[in-house]
Structures are given as C-alpha cells and as structure tokens.
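Work through the exercises below with the model open beside you. Try each task before you read its solution.

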Amino acid sequence: MTPKEILAATLRHERTEQVAWVPFAGVHAGSILGYTAEEVLKDGDKLFQSLMEVNKLYKPSGQPVIFDLQVEAECLGCELAWSEEAPPSVAKHPLEGEEELVTPCYCTIPTKDSGRIPMILDVMKRMKETVGDTTALYGLICGPFTLAAHLRGNDIFMDMYDDEEAVEEFLQYCTAVAKKMAEYYAEAGMDVIAVVDPLISQISSDHFEQFMSKPFSELFSHIRQLGVFSSFFVCGDATRNIEVMCQTNPDSISVDENVDLVAAKKITDQYNVAIGGNIPLTTVMLHGSQQDNMKFTLDLLDQLEDKRNFILAPGCDMPYRVPVENVIGITQAILETESVRKMLENYTAQEEEIEITLPDYNNLKKPLVEVFTLDSATCAACTYMMGAAKEAKKTFGDAIDMVEYKFTIKENIARCKKMGVTNLPSMYINGKLVFSSLVPDKEALEEAIRKVM
Amino acid sequence: MSKLYLITGFLGAGKTTFLKRMLTLFSGNSIHVIVNEFGKVGVDGELLKKVGAEMEEITNGSIFCSCRLDQFEESLQRSLQRNPDVILVEASGLSDPTNIKRILESNKEFATIEFMGTICLVDAVSFPKVYETARVVKKQLNVSDQILLNKIDKVSEEEKESIKKILKKQCPLVPIHETVFGQVEPSWILSMELVEKNSMAEEPVHADITLRKFVLHIQEDTSLETLRYIWQMIMEDVYRMKGFIHIQNKWYLIDCAGNTFHAVECEGSNEFPNQLVVLSGYGLPATMAIKKAAKWYPEAILNWER
C-alpha cells in the first residue's frame, strides 16, 4: 500500500497495516528552507518547494497544501496583519459594529481569480502532478463559523442571542463560500477537503445543534458528492462537541491536545468516523526532544485498543520553529514502530554500560565524517543525509574517512550519548556537529570537509 | 521582582481602554505591556512613551489557538530581561486565561514574577448574551480575582443587578466593581487580593432551592488524569466537585472549583469513599454535562445519582 492508499483506506474506515500520518506543516514547511510565513503563504514557488521538502523528509500519507484560514476572509475584504512566523491574523472585520447583521450578496463569493486563490490552485495542481500518486493532498477551507467571525467580528456572539434568523442566513452564506472553495480545490486535485473551524470549540453543543448542524451536514454531503473525502478540524477544548460534530457526517475529524483522544475515539468509533490527532504542538513538538516525540507517538499508539479509524497528526498547524528532527522522529515511530521501540528501550536502559572509545579527534590523520542516523535504510531524512555523505566520499576518495552509526544498534546509542548527539540524522566532521536534520547540498558539505583538511 | 497583572475579558469588553488606565496608574514605574490581540483602538505610542512603557504585540496566527502559548512564553522571557517593575498582560478575548496562569506557575524561569491577580472586564451591555453563547466567558470569570463591570452607564439598574446576580453565582468570592470607560479607583487595583480558587464560599445560610447536588461513584482503577478530564467536561456547568477517593491504591482528596482540578494525596477516609459530590445551580445544564461525562468515561463513572 502506498502512504496515500493507507490514508484512503483509513478514511473508508478499513483496517490498515500501518497508521496514516498527516503532518500539518503549514508555515513550518517554509521554515525548512528558511522562508518566512509570509513568503510561503504568498509566493507559489516558495510554497511548492517547501511542500516538496515536507514530502521528502516526513513521508506523509497526506499533507495540506496551504494552512491559512484567512484566505477566504482576505478575498472578502478582511484586512490581514502578516507575521514572519505565524499565519496572518484578521486585523479588521468588515461587518463589525453594524447594528444589523446583513448577509452579503451571493455574487461576492470568491471566484477562482480572487485573492490568493489562483496561486493556491496552481500549487495544488503542481503538487498533484509531482506527488499526487503517493500522497493524499488536503485542501483546507475556512469553516463557516470561523469565516462568520472573521467577517462580523465578536458581534457574531451577540447576534446568536439577538437575532437567530440573521445568524442562520449569514451562516448559509458562509457555507456557500465553503462549498465553492471545496469545488475549486477538489477540481485542482485535492483528495481530502478539510473544513477547519477552530471557533467551534467556543460554543456549547446546544448552540452547535441550533446553528451549525445543518450547514455542516450540507457541506460534508456536498464534499461527498464531489467525490473526495472530508475532514472536520477543530482546535481547543472541543470535547463536548465531538459527538454533535460526528452527527454532521464527515469522514474524519481532527482534534488537538485539549481533547482526550483515547476516550474521544470510543465516541467517534460509534459513529464510524475516523479521528486524527493530537501530538501536542508546544510541549512535545516545539520544546520536546526527538526522543520525546518518538515516545509520545508510541505511547499514543499503544493506548489505542483499535487503530482502525485513526490518523496520527499534530494537534493543529505546526509551529514555525518545530525542529525538523522531531518530525523525523515521529515519522520513524510510525513507519518503523518496533525498531523505534527497541531504540527507546536501549536508550533508557542505563544499567548496561557499554564502553565506547571515541576517536582522538584532535589528532586525526584525515578528515572523519561521522553520520548518525535513525536508520538510513528506513528513515527518508537519514537516507538523504547518508546519500550526501556517500557523494562526498566519492569526491574525496581515500582522503577522508566516513562512517555511519545507526541508532538501531546499542553500541551506537552509547556512542551518541557519549558524544552528546541528540538529533538524528546529523553529521559530524572531526567530532564537531556540522549538519543536523537538514541535508546539506554538495557544495556546502565539500566546503565543510575542505575546511578541516 | 516584577509585578504581573493579567487583564482578561471577552472581545469588546473594554480591555484596551482599561489597559490605558493601568498605564497611567503605574506611571513612574518601568512597565512592560504584552498584548495578545489586535484592538480596534490600540494603545498609541505617545501614551506608551509618556509613561515610559514598552509594548509587545503577539500576533497569534489564527488568534483562536489555545495551544500556541510558546509565543506568550517567549514574549514574557524577553520582557523579564529588562526587569520591569510592572508587567501588564492583555489576554486575547477568545483565550482561556487558565493556560496563562498555568505557565506562570509551572516555569522556574518565571520565579521573579510576582503574580498580582487577574482582572476580568465585563461589558454590561453584551454580557447576558455572550455569557450564553461564548463558553470562554465562564472560564475567564472563573480565574478572575477582580471583576470590573464596565459600561454600566449603558444599562438600567435592573439589568445591572441581574448581571451581578449571575456573576455572584459564578464566582461568589470575587469582588465586583462598577466602572464606566474602565475608570477604576487606584485602590481597587493596588490592594487587590488573590482569590483562593480551591476554597469555595461557605454554604449559604439560607436555603437555596436552586442548588443541585449529584453524586458520582468512581471506579477504583480510574487514573487522576481521567478524573481531570471528567472535571473539564463538566466544570462549566457546575460549581464544585469534592470527595475522598481511593484510586489506583492511593487516597486523594479531590476539591475542584472554577477551572481548577485539585487533588491531594491524603490519609484514608471511611467517609463515603469513591463518591464525588458535584454541586450546581440555577441555569446550569449540569445533568446533561454529567450524563455526557458518564458516556465518555463509562469505566471511570460506575453510576451517578441526584
């Protein structure tokens, strides 16, 4: 099964040999190549290159093309405030402060030529052509309630109390926008349309049923008619809305760390809806070590009695500065679960001291390139790192020494500990860390080696 | 030490206007301001300069995200490098301030911060509405140490009293002050005291016929983690959950109120072991919340009764 087929089978609620893995790399994708959030969300070429890096390093079953809930709002006249390391925020809501909530004319619904949509559709098509056979592509649209709040501001919470009919009418309009966006994205080759509506966690399940059940049910039915899968993303403490969300009949939902995923899955299983989540964004992905990330993944997998209907994913859009090696660790834990389990066991087993003698780095006869990997045979990022080292070895021949240490072997774990290697893959030259996680290009590596010759 | 004040309140409650008052109040001190929202009327540079304050805006991406607290942490770290006398934090109107308090309590690097309290702005005009529609409003009230009932010139005496009734039910120990344009008496702020969140008000002397009591019977295998999740599921619709329980071979005294789950290990007790008493009151859909929790955690909640 290709990674894409694993995801499709999961969304069809079938059993799979492996768990589907969908890293939500939005602005983080840009960080891999050093692009700012603004660059990667505005410049199609930079976005495409960044997404290709994600695809190469994280071997995803599915990946979003753009993670920005402000695309539709921008088309509809919301002023955005841009940021270097986060998606933009809506700085001005065009309908805020007006006494009455008036639904805009349907003629204002964004077309394929509005705002950033042409750029997005183009990148979607390029991704489809390049990796579409093996990776399921996610088209993310702004959910009707969040779009309503973008356009109307906080007044929407007052309207829900004052003028229920006006809110229903307005949400119909926002749903119509979502339906159109779903059409554009499905046509551009997206396999899954994810309706992202973080604000859902801010309302009670009663209000959900009163205002949201109908529009969301219609939206998911529409997406089904387009012949693609659907997902319902929330964030925040959406616990009490999980059940009403399932009742709108999406193929899957996705939750963050505020939800007890193990308990939630028992509920979603009753509705036969797949559930995705919920690697903690800050404590684990951003601030945790590579081992923390692998351990979190294994623990989560172990806690789930039934892995059918489960997709491993971050709680939400990954923070910009998530270290690449942390995501590589998660990838490896999903793809090579048992080997990672062994690694972690060996890593924590302290009693068995293995004596390691490190080379005398100050008195080497020739440059020594040491590549520390999770396992270059199975971990994509490690394969590339090892590939670069092998290339260099070809260039320099006997003038340098090169060696790989796989973390799957106990002695190598002891070596990593002794040398203080924490992130894999990484490359050391003469005992000094030179490249970590990101694979150096040929010139950069050769230059680094020449420096010590 | 830097004194930190946290300002909360739903969108449009008047936080930014109040923040300006606070700036003037602390004029003469070095002040650092952290704002987690785009206000319609921002704090202008002129005023900041006049009182010698520095300001930092956190642009929180999609603004709703409650998991991205790293940005707040970083901003606070930067602020501490300057060692200001006063730090004023204006939390985003949609954010659950419980998380901010948790960060302050759990991080050693924030040990030089003296937490002075949370001031919650309540817009008298919109409160009855957003209290019904936006869940975060209750969470903001639950962590507050002082409530400023703002914009009282825009409502009738009757309306004001009915709001105060709701507020007193929701957080009986928190002092409520009435304001217009966020104008406060300096003494309200300067002599503010922290409200102990785990000790609820004594039971009322008069019978309160709206008080509802439930008993949850807890299974012995249940983990504390699961109990915390159960509390999270019901906390918005109840006042308190309390009892002695013996789970996973340990005794705990559970006492939760507001947004806080509180459990301490204790000596064994024979008094109704593994029964948690839950109190709720008028206008709160507690039965539904408890039913839902029992459905989510059938292994933990053996049964429940009224």
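## Exercise 1: Two loop residues of chain B

Task: state where B:Asn83 lies, what is particular about its phi, and whether it is buried or exposed.

Solution. Step 1: B:Asn83 sits in the loop between helix H3 (70-81) and strand S4 (86-90) of chain B. Helices (H or I, at least four residues) and strands (E, at least two) are DSSP runs, numbered from the N terminus. This is a predicted model, in which local features need pLDDT of at least 70 and side-chain atom pairs count only at pLDDT 80 or more, while totals for chains, interfaces and linings use all residues. Residues are numbered from 1 along each chain as its sequence is written, and chains are lettered from A and ligands numbered from 1 in the order in which they are written.

Step 1: the phi of B:Asn83 is near 50 degrees, a positive value in a residue other than glycine. Most residues other than glycine have a negative phi, and most peptide bonds are trans.

Step 2: a residue is buried if 20 or more other C-beta atoms, placed from the backbone, lie within 10 Å of its own, exposed if 12 or fewer, and partly exposed in between. B:Asn83 counts as exposed because it has 11 C-beta neighbours inside 10 Å.

Solution. Step 1: B:Gln248 belongs to the loop between strand S9 (240-247) and strand S10 (250-257) of chain B. Step 2: its phi is near 45 degrees, a positive value in a residue other than glycine. Step 3: B:Gln248 has 11 C-beta neighbours inside 10 Å, so it counts as exposed.

## Exercise 2: The overall form of chain A

Task: describe the make-up and the extent of chain A.

Solution. Step 1: chain A has 19 helices and 14 strands. Step 2: its radius of gyration, taken over C-alpha atoms, is 24 Å, close to the 22 Å that the globule rule gives for 453 residues, so chain A is as compact as a globular protein of that length. The globule rule is 2.2 Å times the number of residues to the power 0.38. Step 3: along the principal axes, the C-alpha atoms of chain A fill a box of roughly 80 × 45 × 35 Å. Step 4: 53% of the 453 residues in chain A are buried.

## Exercise 3: Domains

Step 1: in chain A, 12 residues of domain 1 are in contact with 11 residues of domain 2, where contact means that the C-beta atoms, placed from the backbone, lie within 7 Å. Of the domain 1 side, the largest share, 5 residues, comes from H15(A).

## Exercise 4: Where the chains meet

Task: how many residues of chain A are in contact with chain B, and which helix of chain A gives the most?

Solution. Step 1: 36 residues of chain A are in contact with 32 residues of chain B. Step 2: H8(A) gives the most to the chain A side, with 5 residues. Step 3: that side has 19 nonpolar, 11 polar and 6 charged residues. Ala, Val, Leu, Ile, Met, Phe, Trp, Tyr, Cys and Pro count as nonpolar, Asp, Glu, Lys and Arg as charged, and the others, Gly among them, as polar.

Note on methods:
Contact = placed C-beta atoms within 7 Å.
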